[in-house]
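Please consult the sequence and the structure shown here.

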Amino acid sequence: MPSYRSLFRTPEFTPLFLGTAAQNAAGTVGGLALGTLVYRATGSPLLSALSMFGPSLAQVLGATVLLSGADRLPPRTTLTAVALAFAAGTAVQALPGLPVGALFTAVLVLGLVASLGGGVRWGLLNEILAKSGYLPGRSLFNMMSGLVQIAGFATGGALLAVLSPRACLLLAAALYLTAALVLRLGLTDRPPRAAGRPSPSATWRANAELWSSRPRRLTYLGLWLPNGMVVGCESLYVSYAPHTAGTLFACAALGMFAGDVTVGRLLRPAVRRRLVTPLLLLLAAPYLVFFAHPPVPVAAVCVTVASAGFGASLVQQERLMSLTPGGMAGQALGLHSAGMLTLQGVSAALAGAVAQLTSPAAAMTAMAAGSLCVTLTLAAAARRTPAPPVTEPAPERSPL
């Protein structure tokens with residue numbers, strides 16, 4: 001398996017990495033600012049959760065009409081256009097006096113745009129790196145995302161103490177512009193990976209083929225459902241601890257970082273494949289403590305420990321790639337990203353609705369219990385499914 005250091009010597013990896021980091025920073029600062037803005041204006045846990053995770057709800061539409069573009073559009077142009085669209089949309093959200101309905105319209109439009117961006121980005125990463133490099137490459141991206149979220153939520157919380165949410169949204173828009181510039185100047189103008197024009201019919205045909213395999217279906221459901229329900233718990237941080245939500249988000253990012261390092265670099269392939277179900281159980285179990293309404297320090301420990309379980313997704317993505325023809329890699333990863341984010345949005349809406357009727361702590365407990373049940377059900381279904389031939393990754397040779 002390639003070392004992390006060697007990945008940065010691969011052409012185009014560094015600009016893709018830096019451009020994605022800038023976008024993650026923008027999303028972190030902007031999401032916290034938007035959630036705070038909506039909660040201050042409405043006092044609603046549901047609307048606050050939807051403002052932060054609502055873009056994910058539009059992913060289901062993108063997954064059905066846009067995903068064929070993940071392999072049929074030039075990557076550099078598409079990724080640059082996506083970053084520019086987010087810059088414009090985030091700036092619109094910062095407009096004074098913008099009605100809540102118009103704000104949520106912008107949120108959903110950006111979610112539709114994001115459904116295409118995920119497939120293009122991860123398909124390009126799969127193309128840039130050798131086959132044995134995808135898992136460490138994606139691990140490095142996840143680690144970067146965790147570190148950026150730690151810094152972004154901590155910085156965003158500090159900025160919100162001295163600046164208005166709208167000022168923070170404008171800062172996020174500037175970060176999206178920076179990402180667009182890095183991607184435009186740093187990436188090569190590669191041709192699309194597949195011939196033909198993007199269309200809804202092409203998207204449906206490829207999605208049907210991807211979904212036709214039972215092992216792939218179970219892999220997708222394992223990627224989407226357990227962590228989606230836990231993100232429903234995360235969507236309630238603002239309403240659970242309005243003045244210290246940034247701390248909880250940062251702790252969750254820290255736990256995710258630790259899980260990705262452990263799974264991506266420290267575990268042998270045979271070991272990490274056996275840990276998928278235990279990691280998914282770890283992802284949800286600590287949130288059961290929220291039934292007792294723990295103080296913020298205890299809650300921070302729980303979310304840190306739980307988020308290490310997100311490392312399971314690295315092994316699941318590796319399996320998905322082993323089950324997918326190379327010409328469909330972009331759409332397969334795009335379907336994973338769109339489905340995952342859609343379920344996160346649905347879970348955020350469900351968690352917000354339950355919190356509206358009960359309390360944020362009760363809703364977080366219920367979502368965690370649901371995640372545990374889904375994980376155990378999928379594990380039982382996988383045991384009844386004949387194992388398909390899986391390409392073994394190259395042996396690990398290089399140190400960190």
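R384 counts as exposed because its relative accessibility is 61%, where exposed means over 50%, buried under 20% and partly exposed in between (1.4 Å probe, protein chains only). R384 belongs to the segment that follows α19 (360-383). Its C-alpha lies 35 Å from that of G352, at a sequence separation of 32 residues.

The model is predicted: local features require pLDDT of at least 70 and side-chain atom pairs pLDDT 80 or more, whereas totals for chains, interfaces and linings use all residues. Residues are numbered from 1 along each chain as its sequence is written, and side-chain values use heavy atoms, with hydrogens and water left out.

**Overall architecture**

The chain contains 19 helices and zero strands; these are DSSP runs (helices H or I, at least four residues; strands E, at least two), numbered from the N terminus. Along the principal axes, the C-alpha atoms fill a box of roughly 50 × 45 × 40 Å. Of the 400 residues, 56% count as buried.

**Pocket and cavity**

Two cavities of 30 Å³ or more are found in the whole structure. On a 1 Å grid over the protein atoms alone, a cavity is a set of points where a 1.4 Å probe fits but cannot get out; a pocket is an open set with protein on both sides within 12 Å along at least five of seven lines, and lining residues have an atom within 4 Å of a point. Grid points are joined across faces, edges and corners, and a volume is the space filled by probe spheres set on the points.

| Void | Volume | Helix giving the most to the lining |
|---|---|---|
| Second largest cavity | About 40 Å³ | α17, three residues |

Of the 17 residues that line the second largest pocket, T36, P242, H243, T244 and A245 are the closest to its centre. Helices α2 (13-42), α8 (134-162) and α13 (245-266) each supply at least two residues of this pocket's lining.

The lining of the second largest cavity includes N227, L280, F310 and Q316. This cavity's lining has four nonpolar, five polar and no charged residues; Ala, Val, Leu, Ile, Met, Phe, Trp, Tyr, Cys and Pro count as nonpolar, Asp, Glu, Lys and Arg as charged, and the others, Gly among them, as polar.
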